[in-house]
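Here are my notes for your first pass through this entry. Keep the viewer open as you read.

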Amino acid sequence: MTTRSQAIDVSGETRARRSLYWQYMVEPFLYLSPAIVLIGTVMLIPLIVGISYSFQAIELLNPFNTGWVGLENYQQLWSDRKFWIALENTFWWTFWSISFQFLLGLGLAMLLNTQFYGKKLFQALVFLPWAVPTFLSALTWAWLFNPVIGPLPHWMVALGILSEPYNIMGDPEIAMWGPIVANIWFGVPFFAITLLAALQSIPSELYEAAEIDGASAWQTFTKITLPFLAPMIAITVMLRTIWIANFADLIYVMTGGGPANSTQIVSSYIFTTAFRKLDFGYASAIAVALLFILLIYAVILLWLRKKLVKI
Amino acid sequence: MARIELRNVVKRYGAVEVLRDINLDVEDGEFIVLVGPSGCGKSTLLRMIAGLEPITAGDFMIDDIRMNDVRPRDRDIAMVFQSYALYPHMDVARNMGFSMEIRKDPATERASRVKQAADTLGLTALTERLPKALSGGQRQRVAMGRAIIRDPRAFLFDEPLSNLDAALRVEMRLEIARLHQKLGATMIYVTHDQVEALTLADRIVVLNGGDIQQVGSPLDLYERPANKFVAQFIGSPTMNLVPIKGRPEGVTLADGALLKLPHLPDSPDAIELGIRPEHIEVTDQGDLSGIADVVEHLGSDTNIYLNVEKLGPLMVRKHGNIPIRPGERVGLRIQPENVHLFAPDGSALRRASPNMAA
């Protein structure tokens with residue numbers, strides 16, 4: 001009798017365990033499967049295929065010499081002087097673009113957060129550059145920097161920045177500033193919009209309390225406004241950094257990476273390698289390198305955000 | 001410590017006049033409560049005193065110095081906000097010491113002052129927490145601590161207890177009363193809760209529609225309301241109002257009964273009689289009788305809602321537990337010494353002697 005009941009217990013227990021396993025480990029994924037399949041097909045598979053290219057030789061000009069080559073592309077990358085120049089250019093391009101876009105965007109957001117006559121119109125104008133197609137703004141800025149038809153070189157001479165009116169995008173020393181200026185103009189609205197939204201979410205009583213506590217305008221800004229904006233700043237700066245580091249349109253249209261690779265950034269280098277030299281394998285290797293650099297950057301920034309932001 | 005004066009103060013938003021001709025003297029160390037229904041301008045008045053709203057016209061003075069255009073931080077006034085307005089990214093200690101941090105006072109002095117204030121308010125164990133980790137009552141205490149630490153000339157409170165539950169509200173009310181006794185500072189307190197007003201105030205300022213209706217001690221307002229609005233606003237449950245006809249010797253009620261009111265010499269002008277629920281006696285030999293509609297037994301008191309023929313509804317509050325059932329006929333007697341009479345314009349009629357009411 002006892003052994004019999006024990007046997008029943010055991011089998012009941014296993015059945016229960018199996019059904020628990022089914023219920024908690026398998027069933028949820030069945031419900032999620034449409035989303036998983038969708039994400040897998042549109043995100044993961046292209047990523048994996050792209051990464052796999054970087055381990056292959058795929059040159060359209062050399063169609064009979066394809067196949068797996070292991071780390072050959074990466075070895076070539078390591079000793080590629082142009083890649084290292086492009087990496088350095090990417091850093092400065094991203095750094096100056098982000099810094100100016102952020103500071104000007106913050107200033108603009110603070111101005112837009114006050115009340116003045118004609119605010120709606122001004123707000124619409126501020127957001128306009130964002131709506132202009134990149135290609136168009138790149139061409140416009142290229143012309144503005146052209147001393148034959150554009151006013152900028154002449155103004156810079158008048159201000160003493162240039163010794164004579166020439167096209168700064170022809171000078172390898174300062175050519176990068178052409179696309180950077182265009183990029184600043186193009187990207188300020190993004191920061192203005194997002195930071196304005198964050199500013200508007202700060203409760204007005206906090207400013208009143210700070211005013212009564214005796215804080216000056218600068219103290220209010222550093223001790224109330226900035227801590228409140230910090231999460232938004234961290235996330236927008238991260239997004240924009242990744243975006244700008246990958247953003248080759250302006251450079252491609254304005255300078256084409258020249259002169260002498262002085263404005264070549266990694267992503268424009270990838271583009272040139274893939275679609276001018278038609279070497280997809282090597283272009284993929286550069287792209288993977290850029291991906292890892294940006295991943296590391298994102299991890300550091302997210303960690304910083306977690307450490308700094310208390311709200 | 002400070003004496004605060006308001007002279008003919010006006011507040012307008014465009015063409016809308018929110019406050020009209022406000023005159024008020026607040027003595028040094030006095031606890032003034034501004035009370036009124038929502039939208040009466042009481043919070044606006046407080047914010048004008050704090051300097052958060054500009055004063056449209058008139059003079060605002062602290063210790064005889066005109067302060068109309070002085071910035072809030074130079075007025076040396078502390079304010080406790082309804083929403084507490086604690087800085088969410090700073091811990092309790094930093095929240096409380098923020099004004100000293102701003103002034104760049106030495107850190108050691110700041111720490112000791114913060115500790116002292118935290119001890120006073122029972123926050124010692126919480127100084128390292130962020131506001132989000134505190135309960136409503138604790139946040140309220142921190143907001144008060146932030147005010148205390150500055151040792152200001154005056155404290156302003158903008159409905160500080162309205163976000164707390166009933167039990168906590170009573171507790172914090174006592175806390176504020178204790179604080180006032182201890183600091184002896186001038187305090188101006190805004191509330192729409194008349195119990196808070198009656199329990200805390202040295203003097204109450206009743207506001208309605210942008211005008212001061214009456215200024216007086218809690219008992220003054222209860223016993224000698226200046227008009228119908230104050231009479232109905234102060235005191236809970238609300239005062240009963242009954243239409244009457246004025247006679248030289250008293251008033252006649254709608255059912256024809258004459259009520260003699262020797263202490264109200266101006267009774268011929270009266271059109272309405274006010275009597276508080278606690279000033280109607282339940283008796284068999286009354287001058288009125290009505291049918292009990294609803295009876296509420298509160299334990300300590302019994303509220304009886306009656307319908308009186310020709311007079312309309314009346315409410316009576318009796319101390320203790322009265323065994324009356326709905327539908328029963330109840331005899332009533334109005335205490336003549338506690339009757340208030342109102343003229344057609346709503347103002348209260350003069351009494352013969354200010355100490356008549358018991």
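Which strands of chain B does helix 6 lie across?

1. **The helix on the sheet.** Helix 6 of chain B (residues 136–148) lies across strand 6 and strand 7 (154–158) of that chain. Relative to strand 6 of chain B, helix 6 runs at about 175 degrees. Helices (H or I, at least four residues) and strands (E, at least two) are DSSP runs, numbered from the N terminus. Axes are lines fitted to C-alpha atoms, for helices over the stretch in contact, and angles run from 0 to 180 degrees between N-to-C directions.

2. **Ground rules.** This is a predicted model, in which local features need pLDDT of at least 70, side-chain atom pairs count only at pLDDT 80 or more, and totals for chains, interfaces and linings use all residues. Residues are numbered from 1 along each chain as its sequence is written, chains are lettered from A and ligands numbered from 1 in the order in which they are written, and side-chain values use heavy atoms, leaving out hydrogens and water.

3. **The sheet.** Chain B has an open, mixed sheet of six strands, ordered 6-7-8-3-9-10. Two strands pair if DSSP finds at least two bridges between them. From one strand to the next, the twist averages 15 degrees.

4. **One strand pair.** Strand 9 (residues 203–208) and strand 10 of chain B run antiparallel, joined by five bridges. Look for Val205(B): it stands opposite Val215(B) in strand 10 of chain B.

5. **Confidence in chain A.** The mean pLDDT of chain A is 86. This score is the predictor's confidence in each residue, from 0 to 100. Where pLDDT is low, the predicted coordinates should not be read in detail.

6. **Where the chains meet.** The contact takes 27 residues from chain B and 18 residues from chain A. Together the chains bury about 2,000 Å², 61% of it on carbon and sulfur atoms. Buried area is the accessible area (1.4 Å probe) that two parts lose on being put together, summed over both. On the chain B side, Arg73(B), His89(B) and Ile102(B) lose the most area to chain A.

7. **Charged links.** Three salt bridges cross the interface of chain B and chain A. The rule wants a side-chain nitrogen of Lys or Arg within 4 Å of a carboxyl oxygen of Asp or Glu. Glu101(B) forms a salt bridge with Lys223(A), the closest N and O atoms being 2.7 Å apart.

Definitions and conventions: Contact = heavy atoms within 4.5 Å.
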